[in-house]
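This report is meant to be read beside the sequence and the 3D view.

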Amino acid sequence: MDRRTIIKDVREYSVTLTGLIGLQFPCLVSAAQPSSPLAQFQSYGFPFNMSGLTLRDHFSFSPENLAQGRYHTLVTNLFNHQDEQHLFNNFATLIPNGYHVHRRFGRKHLLAAFFGGGVAGNLTQFCFYIFQKIRWETVLPSPKSWGLLGDLLGNKAEIWKKLAVDKAFTSVHGTTPCKGASAAICSIVAVETCANIVSLYNKYIELRRRRRLGIADREWDNQMTQEVMYEVCHLWLVITVLLSDLLPLLDSTIPGKGIVSTFVAYSADGIGHAAHMGGFVFGVLYYLITLSGNRRQGNNR
């Protein structure tokens, strides 16, 4: 790419990125502690001074919010981060990956992957909640093992047990908020990863063609070497991050865990591993269905 094309791509991406970052500030400022420099902007009023209740009910995804019909939280939680560090960590990943997706496929597909991945991640996290809730109910001892008390209560014992375990699980995990754009960013990372894999394959085919025809081009070789190094390093980093999400998920599904371990398995470390995986899978599917073979003209590497 020439310099003029690079400048144009950076300028267009800056507009998209500025919009996504700007949408983060109302929630970030509203949740800022008095000691935070952002707290001074709360004096500007709405939307920079929203209450904690508003942030919880309308800008945080949770099973309770979904049950209450607050379906908009599937999207609005993407713009509510825990604190400045949480936002910085997410956008440190978004900025480079988003640039390459924006350059290769354009703003429309970047935003589609972002919002689609965010919604898919939230729904995956909800499915994981249901799965862990069912596991928790099956771990507790059956009323049939209660002896005389179980015989006296009969069918009521099973009903009371179900109500008790349901109340215990939902009271702790049903209101656990899911915040941030991690799943949305995982979707964009997945799109970039798929594009890089295809790019590596195409380079391999082109290299074989050039070797077969005896074409020698040092400039092309140097450019391809740089691009291959980036794409391989990116792939290695993505695999490492995926394993950091996949392994805790698999560990939480291992049968035979005790009552306490099963109860806390849904959010043992406070990280939405299921949401991350859901966002990534959406990004892969979005690439395969929508973007495979599609690159913006003039933006090839």
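## Basis and overall make-up

Helices and strands are taken here as DSSP runs, numbered from the N terminus, where a helix is H or I over at least four residues and a strand is E over at least two. On that basis the protein has 13 helices and zero strands, and the order of its elements from the N terminus is α-α-α-α-α-α-α-α-α-α-α-α-α.

The model is predicted, with pLDDT of at least 70 needed for local features and 80 or more for side-chain atom pairs, while totals for chains, interfaces and linings use all residues. Residues are numbered from 1 along each chain as its sequence is written, and side-chain values use heavy atoms, with hydrogens and water left out.

## Surface, burial and contacts

A residue is called buried when its relative accessible area is under 20%, exposed when it is over 50%, and partly exposed in between, using a 1.4 Å probe and protein chains only. Of the 301 residues in the protein, 41% are buried. The protein exposes about 16800 Å², of which carbon and sulfur atoms supply 64%; these accessible areas come from the Shrake-Rupley method with a 1.4 Å probe, and for residues only the protein chains shown count as cover.

Contact means that heavy atoms lie within 4.5 Å. When contacts between residues at least 6 apart in sequence are considered, 80% of them join residues at least 24 apart.

## Annotated transmembrane regions

An unreviewed UniProt entry lists residues 110-131, 181-202, 228-250 and 270-289 under "transmembrane region". UniProt positions are given in the numbering used here, feature names are shortened, and such annotations may be inferred rather than shown by experiment.

In the model, the span of residues 181-202 is 95% helix and 0% strand, with its end C-alpha atoms 32 Å apart. For residues 270-289 the end C-alpha atoms lie 32 Å apart, and that span is 85% helix and 0% strand.

## Two helix pairs

Helix axes are lines fitted to C-alpha atoms over the stretch in contact, and the angles, taken between N-to-C directions, run from 0 to 180 degrees. Angles under 35 degrees count as roughly parallel, over 145 as roughly antiparallel, 65 to 115 as roughly perpendicular, and the rest as oblique. A crossing is left-handed if the near helix is turned anticlockwise from the far one by less than a right angle, and right-handed if clockwise.

Helix H7 (residues 107-139) and helix H10 (residues 182-213) have axes that come within 7 Å and cross at roughly 125°, and H7 and H10 are therefore oblique to each other. The crossing of H7 past H10 is right-handed. Among the residues of H7 that meet H10 are Gly-117, Gly-118 and Gly-121, while the H10 residues that meet H7 include Ala-183, Ala-184 and Ser-187.

Helix H11 (residues 218-252) packs against helix H13 (residues 273-291) at an angle of about 130°, with the axes 9 Å apart. That angle makes H11 oblique to H13, and H11 passes H13 in a left-handed crossing. Asp-245 and Leu-249 are among the H11 residues that take part, and His-276 and Phe-280 are among those in H13.

## Buried residues and their neighbours

For each residue below, neighbours up to four places away in sequence are left out of the contacts. Which residues does Gly-117 contact? Gly-117, which lies in H7 and is buried at 0% relative accessibility, is in contact with Ala-112, Ala-183, Ala-184, Ser-187, Gly-279 and Phe-282. Gly-117 and Phe-282 are 165 residues apart in sequence, yet their C-alpha atoms are 5.5 Å apart. His-276 in H13 counts as buried at 16% relative accessibility, and it touches Ser-182, Ala-183, Cys-186, Asp-245 and Ile-271.

Leu-78 sits in the loop between helix H5 (73-76) and helix H6 (84-105) and is buried at 1% relative accessibility; its contacts include Gln-24, Phe-114, Gly-118 and Ala-184. Gly-98, found in H6 and buried at 0% relative accessibility, is in contact with Tyr-13, Leu-110 and Ile-188. Asp-57, in helix H3 (residues 52-58), is buried with a relative accessible area of 12%, and its contacts are Asn-65, Arg-70, His-72 and Thr-73.
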